[in-house]
Amino acid sequence: MLPLEHLQTTMARSVLAMEPVVAANMLTAGKADPLARLRIYQNNTRSSLTAALMAVFPVTVRLVDERFFRFAASEFIRRHPPVESRLARYGAGFPRFLKTIDTLSDMPIVAETARLEWAIAEALDTASLPPRNLAEYDHTDLGLSPDIQLQPSLRLIVSHWSILSVWMAHQQETTVDENITWTRRPERVALWRAGNYVRLFLLDRASFAFWHSLKHGFGLEHATGRALALDPAFDLVSALVRLFRDRLVTDARVASNSPSN
Amino acid sequence: MSSMFSPLAIPASAGIGLRSPHISEMLTRRPSAGWLEVHAENYMGDGAGVEALERLRQIYPLSVHGVGLSLGSAQGLDRDHLERLRKVCDRFEPDLVSEHLAWSVADGAYLNDLLPLRYDEEALAIVARNVETVQETLNRQVLIENLSAYVAFADSSMSEAEFLAELVIRTGCGLLLDVNNVQVSAHNLQYDAKAFIDALPAEAIGEIHLAGHATNHVGADTVLIDDHGSRVPPVVWALYQHAIDRLGPRPTLIEWDTDVPILDVLLGEAMWADMLTASIMFNRKQAARREQTTKTRATPIHLSVQSETTTSMPVLAAFAAARCARPCMSVALVSIEEEYHAAA
């Protein structure tokens, strides 16, 4: 008799491999064939995880059609099953996996769109903190280069492909022209959670660098320097007003390395 | 730690599983539902659903039902997942916490399904150790749910019911009796469903689950699939009646996870569970009263002091009818009732 851990490993491989490596005489199922019954677990695992991926990547499903998506998902599940039981975290590696599929080699926009959808899923599962108002800082000395904290759900994605345009085109129920040629055009996307939804915007290079620096805690001075290096006409005041207006700022404080601190 | 919520005990009546399509309606309509149950894993992040549940928790008693702890894993518990469960319990302060007698993690993979154990001493020691770890971490008793199964292990040395009974003795855990799971497993593995229920320690059963299942025909094999995708079928209601007859009223949950219907259908199923329980208890009291009367007539010198029945079937029926007649309840609910009356 196998030790329990060995037995469970064997069963798990049977369930994921879609072929019974467990010996039939280890199982019973009334008068039924136990190996046929084992397929119920195989189907449950595959179909429930495929459904989880389809829920996270709905536009990707439409881009490749559902049958192909199911095939790709099935392969992904077999090779990269979840490592934890929190399914909201399952699928992070799926966009990268799509890049390795030969059939999709001439459609790089599929994996790139999947990358955007994963960022959306992450944002939807992240806290939305109370936003701060610009007026709250009217009488506060924040020093010359304050630290600005942004919503933790903010995700910034840069792609060589027009991923936001693709994503937007698939938000309506209407059929998207299959012959449409998605252009190789860099897009810089910012997205964050607002209640039950995400807000998505295209950013120019300078604004993207500005937001990116703030998000990673480099402070206002560094962020402004990055933005100005890319666009000497970068308007810092407008950029700050926009961050507050979009309810993205959750805190502003004197920088920890500031001399005034 | 100070409590965020006022304590709301789960009553021995029916509640519903909270599913995302219903959250908005639950918040705006606040329908009469005894209590709510959520899957712990859906509330381990920080999304909008978590914020909504914090608001609902102010109104409804809550049960947290884990589906991913894999209590039967020989490799032991995922401590990170257990810590996430602890945070969910700290955050929402549920009245009940439950998990499954199953495993879903092995060989570094999470299978997203609940697989059966080989019921023997080795497995019992592993599950008991894991349950004790969970109870110590959460600092509370947890309820362990019986499984719906499609296969069993030839080398099992005890039945699932015997395993659960022994687990209760060793760990002090409670039990969650899933009546639909009993029906599914008993059919698929060919044992007596009522005998399974009768073999469980009644006092340990702190909650009951009810759900629908699908019937699949594969060649000569007719297999019941625990899909939680339809109304509670008559055969499960009959088994529930048997359970309530033996146990008395228990918090009872209507589970519906696939093809989730409109909220009123769930509420209608919950109401039917309440009425069935009330009917059983009413009949029991009537029978006791009749027996008492007979005894009194036979021995007139023995005075009987029977306490007044506090709940009677006509009152409950009127209450249920009033709930049906409320404008917020749809016409569909009435037809559900009719359907069940017809089936009964």
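Mentor: Chain A has ten helices and six strands; helices (H or I, at least four residues) and strands (E, at least two) are DSSP runs, numbered from the N terminus. This is a predicted model, in which local features need pLDDT of at least 70 and side-chain atom pairs count only at pLDDT 80 or more, while totals for chains, interfaces and linings use all residues. Residues are numbered from 1 along each chain as its sequence is written, and chains are lettered from A and ligands numbered from 1 in the order in which they are written.

The C-alpha trace of chain A spans about 80 × 50 × 30 Å along its principal axes. In chain A, 38% of the 261 residues count as buried, that is, with 20 or more other C-beta atoms within 10 Å of their own, the C-beta atoms being placed from the backbone.

Chain A is divided into domain 1 (1–125) and domain 2 (128–261), with bounds that come from an automatic or database domain assignment. The C-alpha centres of these two domains of chain A lie 34 Å apart. Between them, 13 residues of domain 1 of chain A are in contact with 15 residues of domain 2 of chain A; contact requires C-beta atoms, placed from the backbone, to lie within 7 Å. On the domain 1 side, α3 (58–64) and α6 (108–124) of chain A each supply at least two residues. The largest share of that side, eleven residues, comes from α6(A). By class, the domain 1 side has eight nonpolar, one polar and four charged residues. Here Ala, Val, Leu, Ile, Met, Phe, Trp, Tyr, Cys and Pro count as nonpolar, Asp, Glu, Lys and Arg as charged, and the others, Gly among them, as polar.

Turning to the other chain, 43 residues of chain B are in contact with 43 residues of chain A. Elements of chain B that each supply at least two residues to this side include α3 (79–92), α4 (121–138) and β8 (152–153). β6(B) gives the most, with six residues. The side of chain B that touches chain A divides into 21 nonpolar, twelve polar and ten charged residues.

Strand β1 (residues 27–28) of chain A pairs with β8(B) in the antiparallel sense over two bridges; pairing requires DSSP to find at least two bridges between two strands. Within β8(B), Phe153(B) is the bridge partner of Leu27(A).

Notes:
Contact = placed C-beta atoms within 7 Å. Buried ≥ 20, exposed ≤ 12 C-beta atoms within 10 Å, placed from the backbone.
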